Amino acid sequence: MDEYDPPTRDSAVRPSAPLLRVRELSLTHADAAHPSPRDVSFEIDTGEVVLLLGPSGSGKSTLTLALNGLIPHALPAAMVGTVEVGGIDTASAQTATLSTRVAMVFQDPDAQIVTGTVYDEVAFGPENLLLPLDVVRVRVEEALRRVGLWERRDENPDHLSGGGRQRLAIACALAMGSPLIVLDEPTANLDPQGIDDVYSALAEVVATGDRAILLVEHNLDAAMDFVTRTIVLDREGRVVFDGPADQVIREHADELVRMGVWLPGATLAALRLRGQGLTIDPLPLTPHELADALGRPGVSSRSARSTNDSTPRSSSAEPSDTTRSLSEERSATPRSLSEERSDETKRPRPSVVRARGLSVRRRRTEILHGIDLDLEAGSLTAIVGANGAGKTTLIQALAGVVPPPRGTVSVDGIDPGTASPRDLAARIGFVFQNPEHQFIAPTVFDELAHGLRLRHVPDTEITMRVDEMLTRFGLAHKADVHPFLLSGGEKRRLSVGTALITRPRVLALDEPTFGQDRARAAELLDLLQSLRADGTTIVIVTHDLQLVAEHTTHVVVLADGRVRAAGPTGDLLRDERLFAEAGLRLPALQRVLASAGLGVVS
């Protein structure tokens, strides 16, 4: 394991104890055979922003729950080792006391929202600390303004979008004033502006020098300018790397890829380009660094290494030798997946999902306004848009989770507004944004078997199909575990499995890669492609436009509850203005690769 020494500070101002000290910590959930994390030791000091990486199931989220005493005080898990926050042992201190030292933002924001208005939700924590009223008011306003929710302070949190509730949870953590803020996937449901707002707010908080942040995050493109240090857990839950973020990722990129850990998109692209014969050294961490590397003169895709790493980087508008070489090489390679998809979209197919004049109201507010939409059979369509655009409402209405007005939606020939749950489930499988919202059985096996049992499938076939699904999603060792005791990534895989096991003709997924490590996300996307090849029509909601560029055939762009555009992915991605007007940004990585004549590097 790489050793890491926190930044040194003058001894006169350095605190007597770090903000957080973890020593030989092992955590074992009830019914689990092995601890995860296992024998973990590290410290966090003021001013640090620590990125915690690891494959799904390595214990990242479990570890965060031990930092403020939820484990062992509130959750059923055995704890070996010690966690000290500001010198206080979490195993012996009360959770209320620890909340003044550690503020938490959970992976699922709905798990921590308890009041009836946005304002009251943020005020709840400080009020329970018995702070003076004027202090509470100042903290609440400051936190809500930082995450862009001050104007919605009187609304019920239930009226916010998923991304809005995520920002609300972050505001609650900021208002607590705790020295250590722990965030589990804080930007997973946020649009680009929301991500910028959150990281800007967190950067301001940590810039004071008396606070620190521990971050579990998969969107490393957004995080790389923010984090100072990276801790990596392996699949067994042990710390394998601990050091400066850029050093850990650059020096151990190949090992991290083998572990299935997320890396910045620019780093993954550079690794793929290396595999095509181009040497890029050092590995870039951002699209800007990748653009600089591709524009460096004298570098050829056929060269083993640049002879002079200090060669000035080209600022010329003319194509560099690298760009020309890569473009020529690409033109001679087999057709790419994106090119094949482009050809497919030119061949019209019948619609299997159709909406006409679809309007959906929630309480007194109309969320969707007269939607007309067709999803071709065998397509993989992404619904994209800024937070609050109506994406989740649309996919739920198409799937009948939110019953649409009669006659406005057709799915494989039936009306979700009038069909029975059994008939609807036979046509379309649905995966919720938060997996816990759909779990009803006491074990993973029973959760997968439930839909088959409702259809009176013979027990032998149920066992065969469930075992196949458990193996496909890496859950065989968790067959007898309660679904709520799975890791976030495992819950997501289970939720997808429950939707797939009945073999519906249409599959709808809300943020399907949320909570997944890179390897599992790739497996899921490969599975979706194989299902599509077999004729399944797939529609997803996602904030990941790089995923859209690489994997989808069609895109629906929503803004303010209306379809701004719908069509083949390649056609729409050429219109950067369209996405900007919808509050979105095309991936910087895609722009860099396109400017180098590479398109999607696969």
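At what angle do the axes of helix α17 (residues 444–454) and helix α19 (residues 488–500) cross? The two axes cross at roughly 25° and come within 8 Å. Axes here are lines fitted to C-alpha atoms, for helices over the stretch in contact, and angles run from 0 to 180 degrees between N-to-C directions. Helices (H or I, at least four residues) and strands (E, at least two) are DSSP runs, numbered from the N terminus.

The model is predicted: local features need pLDDT of at least 70, side-chain atom pairs count only at pLDDT 80 or more, and totals for chains, interfaces and linings use all residues. Residues are numbered from 1 along each chain as its sequence is written, and side-chain values use heavy atoms, with hydrogens and water left out.

The protein chain holds 24 helices and 19 strands. Of its 602 residues, 55% count as buried. Buried means under 20% relative accessible area, exposed over 50%, and partly exposed in between (1.4 Å probe, protein chains only). Among contacts in the chain with a separation of 6 or more, 66% come from residues 24 or more positions apart. Contact means heavy atoms within 4.5 Å.

Two helix pairs were examined. Two packed helices are described by the angle between their axes and the distance between the axes. Helices α17 and α19 are roughly parallel to each other. Angles under 35 degrees count as roughly parallel, over 145 as roughly antiparallel, 65 to 115 as roughly perpendicular and the rest as oblique. The crossing of α17 past α19 is right-handed. A crossing is right-handed if the near helix is turned clockwise from the far one by less than a right angle, and left-handed if anticlockwise. On α17, the contact is made by V444, E447 and L448. On α19, L494, G497 and T498 take part. By class, the contact of α17 with α19 has 3 nonpolar, 2 polar and 1 charged residues. Ala, Val, Leu, Ile, Met, Phe, Trp, Tyr, Cys and Pro count as nonpolar, Asp, Glu, Lys and Arg as charged, and the others, Gly among them, as polar.

The second pair is α11 and α12. Their axes come within 8 Å and cross at roughly 30°. That makes α11 roughly parallel to α12. A266, A269, A270 and L273 of α11 meet P287, L290 and L294 of α12 in this contact. The contact of α11 with α12 has 7 nonpolar residues, no polar and no charged.

The loop between α11 (265–275) and α12 (287–294) contains P282. The peptide bond from D281 to P282 is cis, with omega near 5°. P282 is also touched by R250, as are L283, L285 and E289, not counting residues up to four places away in sequence. R250 lies in helix α9 (residues 245–251). R250 is partly exposed, with a relative accessible area of 27%. R250 and P284 are 34 residues apart in sequence, yet 7.9 Å apart in space, C-alpha to C-alpha.

A cis peptide bond also joins S36 and P37, with omega about 10°. P37 sits in the loop between β1 (20–29) and β2 (40–44).

Helix α7 (residues 192–207) has 16 residues, which at 1.5 Å a residue should span 22 Å. The end C-alpha atoms of α7 are 22 Å apart, which agrees. The expected span of a helix is 1.5 Å times one less than its number of residues. The buried residues of α7 are P192, G194, I195, V198, Y199, A201, L202, V205 and V206. Their cover includes β3 (49–53), α5 (133–146), α6 (162–176), β7 (180–184), β8 (212–216) and α8 (220–223). G209 follows α7 and has a positive phi, near 85°.

G535 follows α20, with a positive phi near 110°.

Positive phi values also occur at residues other than glycine. R503 is not a glycine, but has a positive phi of about 55°. R503 lies in the loop between α19 and β16 (506–510). With a relative accessible area of 55%, R503 is exposed. D560, likewise not a glycine, has a positive phi of about 55°. D560 is placed in the loop between β18 (554–559) and β19 (562–568). D560 counts as exposed, at 54% relative accessibility.
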